[in-house]
Amino acid sequence: MLSRDIIMAQLRRQARWLSESRRWLIQEVMGKEGSIKTALDVGCGPGFIQKELRETHGIHAIGIDKDREMLRSAREMGLDILQANGHDIPFKDSCFDMVYCTFTLMWVKDPVVALKEMRRVSKKWVVCFAEPDYGARVDYPEALSDLAGAIADSIERDNGDPIIGRKLRAYFSQAGMEAKIGVFDSIWSIERLESEFRDEWDFLRASTSMSSNEMDKYESVAKEAIENKSRMQFTPIFYALAKVSDLTG
């Protein structure tokens with residue numbers, strides 16, 4: 001079980017990694033539909049995305065999550081939050097301009113039920129800002145190729161879906177929505193690999209079941225590859241958005 005500090009650090013890093021991609025996607029949505037004033041964050045965690053939407057886009061987002069500790073962190077930032085489950089969202093139909101989630105569906109027991117609920121309470125858009133596909137992760141040099149499997153195994157061990165990204169179109173369709181699906185530019189530069197190196201490997205050590213000796217070996221290979229500028233790391237991060245106002249039924 002990951003410590004609370006490790007989880008919080010990883011959530012903060014994930015929010016930072018995709019901030020520019022999220023900004024592009026929100027501007028794409030807002031450009032099509034006009035001003036989005038209200039939103040619901042399903043699985044909001046500590047509220048990093050809510051805070052970003054408020055400060056960068058002027059969007060008032062309410063967050064729901066079932067984890068009390070995460071909600072306490074969000075409340076400390078002055079965010080509007082509510083303890084609730086994405087399978088049974090406690091709001092009336094068509095309450096929000098946009099309903100969204102980020103790295104949430106991979107942990108949801110029934111993503112289709114959650115998406116149906118998100119559709120129900122949205123009057124304009126349902127957006128999945130990010131879901132990974134670790135089954136398609138690329139690591140180079142070849143000596144690092146086992147990392148993807150180790151990460152996937154750790155997610156499955158915690159009852160998550162490590163290949164949720166490739167399933168988004170199917171799940172949106174089953175929830176009655178036709179979604180635009182895409183993949184963000186998530187290839188890390190050498191500069192990012194260098195700056196994220198310590199935090200990344202601390203997280204991998206904490207989250208995978210590999211032995212300390214195995215991780216020492218992999219970390220050494222990765223460090224050397226960064227130094228000689230041959231390191232490649234790519235995990236497909238999918239997004240999906242559906243225009244609810246175009247749907248009927």
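**Entry 1: D139 and R137**

I began with D139, which forms a salt bridge with R137, the closest N and O atoms being 2.6 Å apart. I took a salt bridge to be a side-chain nitrogen of Lys or Arg within 4 Å of a carboxyl oxygen of Asp or Glu. The model is a predicted one, so I noted its limits: local features need pLDDT of at least 70, side-chain atom pairs count only at pLDDT 80 or more, and totals for chains, interfaces and linings use all residues. Residues are numbered from 1 along each chain as its sequence is written, and side-chain values use heavy atoms, with hydrogens and water left out.

I then looked up the accessibility of the pair. D139 is buried at 7% relative accessibility, and R137 is buried at 10%. Buried stands for under 20% relative accessible area, exposed for over 50%, and partly exposed for the range in between (1.4 Å probe, protein chains only).

**Entry 2: R231**

I turned to R231, whose side chain makes a polar contact of 3.0 Å with the side chain of D139. Another polar contact, of 3.2 Å, joins the side chains of R231 and Q233. For such a contact I required a pair of N or O atoms within 3.5 Å; within protein, one must be able to donate a hydrogen and the other to accept it, and residues adjacent in sequence count only if both atoms are side-chain atoms.

R231 sits in the loop between α9 (212-227) and β8 (232-234). Helices (H or I, at least four residues) and strands (E, at least two) are DSSP runs, numbered from the N terminus. With 6% relative accessibility, R231 is buried. Leaving aside neighbours within four places in sequence, I listed the contacts of R231, among them R137, D139, Y140, L144 and L147. Contact here means heavy atoms within 4.5 Å. The C-alpha atoms of R231 and L144 are 9.7 Å apart, although 87 residues separate the two along the chain.

**Entry 3: Helix α6**

I looked up which residues of helix α6 (residues 147-157) are buried, and found L147, A148, A150, I151, A152, S154 and I155. The buried residues of α6 pack against β6, α8 (190-207) and α9. N159 follows α6 and has a positive phi, near 70°.

**Entry 4: V138 and the surface**

V138 is placed in strand β6 (residues 138-140). At 38% relative accessibility, V138 is partly exposed. I found V138 in a nonpolar surface patch with Y140, I187 and M232, their accessible area together being about 340 Å². Patches are made of residues with over 30% relative accessible area and no salt bridge; like charges are joined within 9 Å, nonpolar side chains (Val, Leu, Ile, Met, Phe, Trp, Tyr) within 5 Å. Accessible areas come from the Shrake-Rupley method with a 1.4 Å probe, and for residues only the protein chains shown count as cover.

**Entry 5: E131**

E131 lies in strand β5 (residues 122-132). The side chain of E131 reaches the backbone nitrogen of L105 at 2.7 Å. Leaving aside neighbours within four places in sequence, E131 also has contacts that include F103, M106, I164, L168 and F238.

**Entry 6: Further salt bridges**

I searched the whole structure and found 19 salt bridges. One of them joins the side chains of K51 and E55 at 2.9 Å, N to O. K51 and E55 are four residues apart in helix α3 (residues 48-57), so about one helical turn separates them. K51 is partly exposed at 28% relative accessible area, whereas E55 is exposed at 53%.

The side chains of R120 and D93 also meet in a salt bridge, 2.9 Å from N to O. This pair links distant parts of the chain, 27 residues apart: R120 is in helix α5 (residues 111-121), and D93 is in the loop between β3 (80-83) and β4 (96-102). R120 is partly exposed at 26%, and D93 is exposed at 51%.

Last, I noted a network of salt bridges that links R198, D202, R205, D216 and E219.
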